[in-house]
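I opened my notebook and wanted to see how the pieces of this fold sit against each other. Here is what I looked up, entry by entry.

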Amino acid sequence: MRKLKLLLIRIICFLVPVKERRRRLRYELNAVWTGENVCCLTTPEAKGTVLLSYLKEPLLLPDGDERLEYHSNVWECREIARIFQSRGYNVEAIVWNDKYFKPRKQYDVIFDIADNIARLNSVLPQKCLKMLHLTESFCCFQNQAEKQRVENFCRRHCCSYRPKRQKDEYLSQQSLALADYCTLIGNEVSKKTYPQKYQSKIHCIPVSAAYLPRLKQREQYLPKEKEFLWMGGAGAVHKGLDLVIDVFVRHPEWKLHIVGNLEQEPDFMAVYQKHFSQCQNIVYHGFLHLAGNEFSLIADRCFAFVFPSCSEGMSVAVMTLLRLGLYPVISRNSGVDLPAGCGKYLSFCSEEEIEQALTDLFLKDDHDLCHEIETCQKLALKISSRENFRRVMEENIDAFLSLKS
């Protein structure tokens, strides 16, 4: 029956000529005929209902499902839903960028990671509590930081490139203003990118790192190859990969491994594809599951990673690689606090500064390097554990729900 309904929806929508109207009709028919636009967690004698604007599918994943080992947001979303459920609430989840969803009931709480607080505010009950979960730096700061990086990139390479991580500043600021309580996956550096008037209701929490089946031990910190790793998600220029590649082009004696899905950025690949084929010291691996054997083999050859991002909340990639046992060369805006005297912060993220930082690494005493890596790893294991994320998120959700009384 479900397959028949989906087929009928596809046939009906095929007859609609305007793309946006076709998408809206498909969404509305899905909502009425299959109910697949919302996922639910229920609890007996619920005291109310939470609208969770984040992801849908994670709510129904059982413990041990391999999808919980992918990006940390899958596990975090499910955990947030379970916390609300354990507090006696039903939870109905939609995808964060669902711009068609319209409430069909009265919600007591909305937990949102993007702009749905602003979009839905006029149709939510007046007493609905609003919690905004921030995962990035302030939208205006982030947009401007990426634009500057893109302008620099295009000027250096005489090319065109479209920014990949721009946010709607109007809706983002509206949601921020309307929220009763905010959590921010980030540190004080990330928090200070937000306007002063909102900082009192923003509470920093740690990110949970991606799952790794095996972590380096002290004797594995410095492999004989001493190679480097860059790993990141969408927005290669935003995250400074272009700067890193340009440094390694000048240093064929250093080897760089790149892990990420650059096929999604053909304008970036148009500039660097030739380097991936011509420079033997720069190896592009594409997207890899971190629990897989291929990533483990790469990590075994590396002793450090470089991440000169212009704007983050708290980088999952950085926390994951710190847990793994790699030396960090990162920007302040990665949102990660390194232990005093350990690792390297980039102040300007220029090619020259990155080049000098990597040169200095080879001049460090091996004992000092191992000490710094071990200290960073121990802190990351403590801060970015799933247990710590749940504990801190529980504290913040309880503080948020207390506003209702």
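**Entry 1: N396.** I started with N396, which I found in helix α14, residues 386–401. This is a predicted model, so I'm reading it as one. Is N396 buried or exposed? Its relative accessibility is 7%, so N396 counts as buried; the cut-off for buried is under 20%. Next I asked what N396 touches beyond its neighbours within four places in sequence. My list reads M131, Y181, T183, H203 and I205.

**Entry 2: the seven-stranded sheet.** I then turned to a sheet. Seven strands make it up, in the order β1-β3-β2-β4-β5-β6-β7, and I noted that the sheet is open and its pairing mixed. Which strands sit at the edges? They are β1 (39–41) and β7, each of which pairs on one side only. From one strand to the next, the twist averages 20°.

I picked out one pair to look at. β2, residues 48–54, pairs with β4 in the parallel sense, over four bridges. Along that pair, L51 is opposite I110 of β4. Back to α14: this helix packs on the sheet and touches β3 (89–95), β4, β5, β6 and β7. The direction of α14 makes about 150° with that of β5.

**Entry 3: strand β5.** β5 kept turning up, and I gave it an entry of its own. How many residues of β5 are buried? Six of the six are, so β5 is largely enclosed by the rest of the structure.

Then I looked at who pairs with β5. With β4 the pairing is parallel and runs over four bridges, and there V109 stands opposite L129. With β6, four bridges again join two parallel strands. On that side L134 has L184 as its bridge partner.

**Entry 4: helix α6.** α6 lies across β4, β5, β6 and β7, at about 130° to β5. Which residues of α6 (169–178) are buried? I wrote down S172, S175 and L176. Looking down the axis of α6, I see its buried residues within an arc of 100°, so they line one face of the helix.

D168 caps the N-terminal end of α6, with a side-chain oxygen 3.0 Å from the backbone nitrogen of Y170.

**Entry 5: the six-stranded sheet.** Another sheet was next on my list. Six strands form it, in the order β10-β9-β8-β11-β12-β13; this sheet is open too, and its pairing is parallel. At the edges are β10 (282–286) and β13 (344–346), which each pair on one side only. Neighbouring strands here are turned by 20° against each other on average, ignoring direction.

I zoomed in on β8 (227–231) and β11 (302–307), which pair in the parallel sense over three bridges. E227 is opposite C302 of β11. What lies across these strands? Helix α11 (316–324) lies across β8, β11 and β12 (327–331), and runs at about 165° to β11.

**Entry 6: T320.** I stayed with α11, where T320 has its place. At 1% relative accessibility, T320 counts as buried. Not counting residues up to four places away in sequence, T320 touches A209, A210, L212 and L290.

**Entry 7: the nonpolar cores.** Last, I looked up the cores. The largest nonpolar core has 106 residues, and the members touching the most others are L52, F84, F228, I258, F268 and F295. Apart from that core lies another, of 20 residues, including I94, Y107, I110 and Y194. I remember the general rule: in soluble globular proteins, nonpolar side chains tend to be buried together.

How values were computed
Residues numbered from 1 in each chain as written. Predicted model: local features only at pLDDT ≥ 70, side-chain atom pairs only at ≥ 80, totals over all residues. Heavy atoms only, no water. Buried < 20%, exposed > 50% of the residue type's maximum accessible area, 1.4 Å probe, protein only. Arc of directions from axis to C-beta. Polar contact = N/O pair within 3.5 Å; in protein donor to acceptor, adjacent residues only side chain to side chain. Core = buried A, V, L, I, M, F, W, Y, C linked by side-chain atoms within 4.5 Å. Pairing = 2+ DSSP bridges. Axes fitted to C-alpha atoms, helices over the stretch in contact; angles between N-to-C directions. Contact = heavy atoms within 4.5 Å.
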